[in-house]
Amino acid sequence: MNKFYIRFILFSFFFSQSLMAQQEQTLNFATDLWQSNLTNPAFLPSGKNIQISLPSLYFNANSPLSIRDLIVQKNGKRVFAPFYGQWLDKLEEKNYYNGDVQMLTGAISFPISEHIQISGHQLLSSSQNYIVPRDAATLLIRGNGPFVGTAAEFGTHVSTDLRSEFGLAITYHDEFFSIGGRIKSQNGVAGIFSRGDKLRLVTDTSFYALRLTTDYDLVMFQPDQKNLVSSAFLNNGGVSADFGVKINLGKLKLSASVLDAAGSIHWKKGGTTYSTNGDVNFRGFSKIDVENTSFQRVMDTVKTALNISEYQGGTFTQNLPLRVYIGANYEVTENFRIGGLFYSETQNEETKYGAMANVTVNYLKWLRLGMTIGLRNENKANLGLHAGLTLYKTAQLFFITDNILVYGTPFATNTFNGRIGCNLLFGKNPDDKLTKKIKSSNMSKRYGTIW
Amino acid sequence: MSKLSTLLFLAMLCCLLDSCKLPYDDVDLNVKLTPEYAVPLVETTMNLNDLFEGFDGNAYLKVQSDGSYKMFYKSPVIETQPLNLFASMPEVQTIPITQSDIALPFPSPAGMRIDAIDFKKGFFKWRFDAQTTPLTVRISLPQFTKNGQAFSKTFTLSNVAIRDSIDLNGWRCEPTMDNIVISYQATKASGEFVSLTNQGFYDITRFESKSIKGYFGQFLLGLPKDSINFDFFKNWRPNGKIRFSEPKLIFDFDNTFGFPLQVRTSSAESNNQSGQKITLQSPLTTGVDLSFSALNEIGLSKLTSLVLDSKNSNLTDIIASYPTVFSQSLVVVSNLNNSAKNAGFLNDDSRLKASISMEIPLIGTAENFTTFDTLVLDLSKFSEVTTAEFKITTDNGMPIDMALQGYFISSSGAIIDSIALKEPFILRGAPTTAAGTTIGTSLAYNFIKVDAAKFTRIRSAKKIIMKYSISSTNNGANPVRFNATQKFGVKLGVRVGVNL
C-alpha cells in the first residue's frame with residue numbers, strides 16, 4: 001500500500017480520537033435547556049416559553065487510546081510520535097471508536113396553545129464508528145511479519161457519515177404529565193460504510209506463502225460538487241422519530257424516551273463500491289529473476305491478488321442507533337435536585353448500557369450547576385458537569401460534559417465530551433402557572449408520598 | 001460565599017491552565033513506519049532441462065529412452081564449396097569452319113578423365129553465309145545424344161545467311177579421346193557436295209554440367225574451420241574436479257560425391273581457461289574413408305559417422321581439462337587409394353557436409369567443481385528495504401551438493417561484501433546408491449540475513465557474482481547419474497524490514 005495512504009489512515013485514526021463521540025447523558029438532566037428536548041421531546045424548557053437556540057456545538061470522543069499513549073521517551077525527551085506504534089500493545093482484540101460531532105445550526109420552541117408547544121431544529125452531524133481489530137492496526141504499523149504462522153483478521157467495521165437533519169416536535173403538557181414526539185428528516189451528505197468483515201491473511205511458516213480470504217465491501221458516497229444543495233438536503237434520504245413522556249408527581253418527576261425509532265438513511269446517490277471477495281493463494285513467482293524483481297513488484301503482485309473491484313454505484317442502508325432514556329428527578333428543595341438515569345443504545349444488534357446519577361443546584365438565580373457520575377459499559381466512572389448561566393433573563397449560556405475530569409487531564413483520557421452554546425429566552429414563564437397549579441392540586445394527598 | 005466561590009474558581013482555572021500544558025517536549029510525525037513484511041518470492045520445481053534453458057544455443061539436453069540425460073554441444077554444419085570443372089572455360093568459343101568434319105579438342109582437367117557430361121546449361125551455335133545456289137545443309141554432332149539419338153539438323157541455305165543454335169540442356173556428350181566431332185554436309189539439289197570452308201563458324205558458349213562421369217583424380221577439398229564452445233566450463237576455476245564417465249565426439253559426414261573421399265584433421269585441439277591446449281588424437285589424424293554412392297546411385301547421399309570416445313581417442317583427457325572451446329580443421333582427399341582409376345560421378349550439387357557434436361552423458365563425479373555467474377544488480381529498486389532475511393527451502397532430488405556464495409561488486413569492480421559472511425550455505429544432494437542412482441530427496445532450510453548495516457554497504461553494488469561449488473553426492477567418491485525424474489524444488493521467501 002502506498003505509504004501516503006498508510007499515514008492518512010493512521011492519522012485519521014488518531015485525529016478521530018478527538019472527534020469521536022458517544023451520545024451524551026448529562027444533557028438529560030439539564031432540563032432548563034431546550035437542548036434537553038433532543039433527549040426527550042416531552043421535556044419543556046423551564047424559564048420562558050419561547051426559546052431560540054443559536055448555533056451550538058456538541059462533540060465527544062471515545063477511544064481506547066489517549067494522547068499520552070502516543071508519546072515515547074527518546075533521548076531523554078517525551079516525543080509525540082504516533083507512528084512508532086508503541087500503542088499497539090494497549091489495544092484489545094477489538095477496539096471501538098465511535099461518536100459524533102454535531103453542529104446545531106438553529107432551533108426554535110414556542111407555544112401554540114396553553115398545553116401544546118412545538119419546536120423545530122436543524123443540525124449537521126458527523127457520526128463515526130469503527131471497530132478496529134488489533135490485527136488491522138498491527139498489519140499497518142508492523143506489517144505481516146508478526147503474523148508468520150498465524151492468521152491476521154483485519155476486517156475493520158467502518159461507518160462514518162456526514163448528514164443533515166431537520167426535526168419538528170410537538171409536546172402536550174399539563175400539570176401532571178407531558179408527552180411529546182418528533183419526526184426527523186435525515187439526509188446523508190457523505191459517508192463511508194463497510195459491508196462484511198472478512199479480511200483474513202494467513203502467512204505460512206515454510207516460505208511465507210500468503211493466503212488471503214476476503215468478503216468485504218467498502219461503499220463510499222460523495223456529494224455532487226455541481227449540486228451541493230441537492231447533496232446537502234435531498235440525495236440520500238431517511239426518516240426517524242423520537243417519542244418521550246414525563247410524569248410530574250410533585251417533587252418527583254419520571255421520564256422516558258425512545259430516540260431514532262425505526263430510523264435509517266438510504267444511501268443511493270454518489271456511491272462508489274470497492275469490493276473484494278475470494279480466496280487467493282500467493283506463492284511467489286515461478287522463476288528466479290534477480291534482475292527484474294523489486295520490492296514494489298512483489299507488493300504490486302500481492303495487491304493484485306486482493307482482486308479489488310471498483311464500480312460506480314452501490315447502495316447502503318444505514319440504521320441509526322436506537323436510544324432509550326429512562327430517568328427520575330427529585331426536588332429535595334426548590335434549589336436542590338437529585339436524579340438518576342438509565343441509558344441504552346442499540347445498533348447493529350449490539351447494545352451498550354449506561355447509568356448516571358445527578359445532583360443539580362440552582363446556585364444563584366442566574367446560575368445553575370449540576371454534577372453527574374456516570375457508568376458506561378466497561379468504562380471507568382466519569383464525573384460530569386452541566387452549567388447554565390442566564391444573563392439579563394434572556395441569554396442562556398451553557399456548557400455540558402459527561403466527563404469533566406478530562407479537562408484536567410486532557411492528554412491522559414480516552415473520552416472527551418462537551419456541548420456548548422447559547423439560547424435566547426422570550427415570553428412568559430410557564431413554570432409560574434404550573435407551579436401554582438401543582439401546589440393548589442395538593443398532589444401528595446392524592447397520590448401519597450414516594451418515600 | 002463569594003470569596004469561597006472566587007477561590008474555587010481560581011483553583012479550577014489553575015487546574016485547567018496546568019492541564020493545557022503539553023505532555024510532550026517534541027513532536028515527531030516524520031518518523032518512518034518500519035513494518036516487516038513476510039512474502040513469498042519464488043516457488044518452483046526445476047529439472048535439468050529447466051536449468052539448461054539459460055545456456056547458449058549450441059548446447060542442449062536430451063532425455064534418453066532410459067530416462068537418463070545426455071548433454072549435447074553441436075557445432076554448425078559445415079560443407080565443401082561446389083566443384084565446377086568448367087569454370088575456366090571462355091564465355092564463347094568460336095570455331096571457324098575450315099573443313100566438313102572438325103575434331104574439336106576437349107581435354108579433361110589434369111589428372112581427370114571425363115567419360116560423359118550431362119549438360120544443364122549452354123548453347124551450340126552455327127552460322128553459314130548466303131549462297132547463290134540453294135544448298136541443303138546437315139549439321140551433326142555424333143557424340144551429343146538425347147534419348148539415345150545423336151544430334152543432327154538439316155536446313156536450306158540460299159541467298160540469306162543462316163544463324164541458328166541448339167540449347168544443350170538435357171543433352172549428353174561423350175567425348176572421344178578428348179575430342180568432340182562437329183560435321184556438316186552441303187549438297188545441291190542435284191546431289192552434288194559443296195564445300196562451305198571459311199563460309200561460316202560454330203560458337204560454343206560456356207556450359208555447365210548437371211553431372212559428369214569419369215575419374216576425377218586426386219585433389220583436396222577444404223572444409224571451413226569449425227569449433228564448439230563449452231559454456232559449461234566457461235566460468236570454471238581450477239580448484240575443483242569434474243569427470244564425465246563416457247563423453248563422445250561425433251563426426252557426421254553427409255557425402256553426395258560419387259567417388260572415394262578420405263577425411264582427416266589438419267588441426268584439432270581444445271583450449272581451456274588457463275590456455276592449456278590438447279591436440280586430439282584419433283583415427284582422423286591419419287584419415288578416415290567416407291562412404292560414397294556408386295554410379296547407379298547418382299543423387300543419393302551416403303552417411304558416415306565417426307564416434308570418438310575414450311577407446312579410440314584422447315577425448316576423456318580433453319574433457320577433463322575443462323575445455324572452453326574445441327576447434328578443428330578438416331581436409332578431404334579424393335581417390336587417395338583408387339589406383340584403378342574407377343569411374344565415379346560428380347554432380348553440380350555434390351557436397352560433403354560435416355556436423356560435429358559433443359555428447360556427454362550425465363554420469364560422473366564432481367568434487368568442489370566451481371563455476372561463476374555474474375548478474376546485474378540494481379538495489380536502488382529496493383530503496384524502502386532496510387533489512388532482509390531470506391528463507392530458502394530446497395528439496396533436492398539431484399545427486400549434487402551445491403555450496404553457494406555471492407559477492408557484491410561495486411561499479412569499480414571491487415568486492416563490497418558477500419552474501420554469506422563466513423561459510424557459503426550448502427544445498428545437500430539427494431542420497432544415492434553405490435551405482436549413483438538417486439534414492440529420495442534431501443530437504444534443507446537455509447537463512448541468509450542481510451542486516452541494516454550490510455544493506456547500507458551493498459546498496460551501491462552493481463553486480464553480484466554467484467559462485468557455485470558443486471560436488472556429486474558423497475563428495476565425488478562415486479559416479480552419479482542424472483535423469484529426468486530428478487527435480488530440484490526451491491521455495492524462497494523473505495522477511496523484509498522497510499521504511500515507509
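The following questions and answers concern a predicted model.

Me: How many helices and strands does chain A have?
Reply: Chain A comprises 451 residues, of which 51% count as buried. Its secondary structure consists of six helices and 22 strands.

Me: What share of the contacts in chain A with a separation of 6 or more comes from residues 24 or more positions apart?
Reply: A contact here requires heavy atoms within 4.5 Å. Among the contacts in chain A with a separation of 6 or more, residues 24 or more positions apart account for 68%.

Me: Why is helix H2 of chain A largely enclosed by the rest of the structure, and which of its residues are buried?
Reply: A residue counts as buried under 20% relative accessible area. Seven of the nine residues of helix H2 (residues 134-142) of chain A are buried, so the helix is largely enclosed by the rest of the structure. The buried residues of H2(A) are A:Asp135, A:Ala136, A:Ala137, A:Thr138, A:Leu139, A:Leu140 and A:Ile141.

Me: Which residue just after H2(A) takes a positive phi?
Reply: Helix H2 of chain A spans residues 134-142. Just after this helix, a positive phi of about 75° is taken by A:Gly143.

Me: Which strands stand at the edges of the open four-stranded sheet in chain B?
Reply: The sheet has the order S2-S38-S31-S35 in chain B, with antiparallel pairing. Two of these strands each have a single partner strand, so one side of each is left without a neighbour in the sheet. Neighbouring strands are turned by 15° against each other on average, direction ignored. The edge strands are S2 (36-46) and S35 (442-450).

Me: What is the bridge partner of B:Thr394 in S38(B)?
Reply: Strand S31 (residues 385-396) and strand S38 (residues 488-498) of chain B pair in the antiparallel sense over 11 bridges. In S38(B), B:Thr394 has as its bridge partner B:Val490.

Me: How many residues apart in sequence are the parts tied together by B:Arg351 and B:Glu79?
Reply: B:Arg351 and B:Glu79 form a salt bridge, with their closest N and O atoms 3.8 Å apart. B:Arg351 lies in the loop between strand S27 (344-347) and strand S28 (352-361) of chain B, and B:Glu79 in strand S5 (residues 78-79) of chain B, so the pair ties together parts that are separated in sequence by 272 residues.

Me: Are B:Arg351 and B:Glu79 buried, partly exposed or exposed?
Reply: Partly exposed residues fall between the limits of under 20% for buried and over 50% for exposed. B:Arg351 has 21% relative accessibility, and B:Glu79 has a relative accessible area of 32%. B:Arg351 is therefore partly exposed, and B:Glu79 is likewise partly exposed.

Me: Which residue meets B:Lys153 in a salt bridge?
Reply: B:Lys153 lies in strand S11 (residues 149-157) of chain B, and its partner in strand S12 (residues 162-167) of chain B, 11 residues apart. The N to O distance is 3.5 Å, and the partner is B:Asp164.

Me: Which residues of chain A are linked in a network of salt bridges?
Reply: Over all chains, the structure holds 28 salt bridges. The network in chain A links A:Arg182, A:Lys184, A:Asp242, A:Asp260 and A:Arg323.

Notes:
Residues are numbered from 1 along each chain as its sequence is written. Chains are lettered from A and ligands numbered from 1 in the order in which they are written. This is a predicted model: local features need pLDDT of at least 70, side-chain atom pairs count only at pLDDT 80 or more; totals for chains, interfaces and linings use all residues. Side-chain values use heavy atoms; hydrogens and water are left out. Helices (H or I, at least four residues) and strands (E, at least two) are DSSP runs, numbered from the N terminus. Buried means under 20% relative accessible area, exposed over 50%, partly exposed in between (1.4 Å probe, protein chains only). Two strands pair if DSSP finds at least two bridges between them. Axes are lines fitted to C-alpha atoms, for helices over the stretch in contact, and angles run from 0 to 180 degrees between N-to-C directions. A salt bridge is a side-chain nitrogen of Lys or Arg within 4 Å of a carboxyl oxygen of Asp or Glu.
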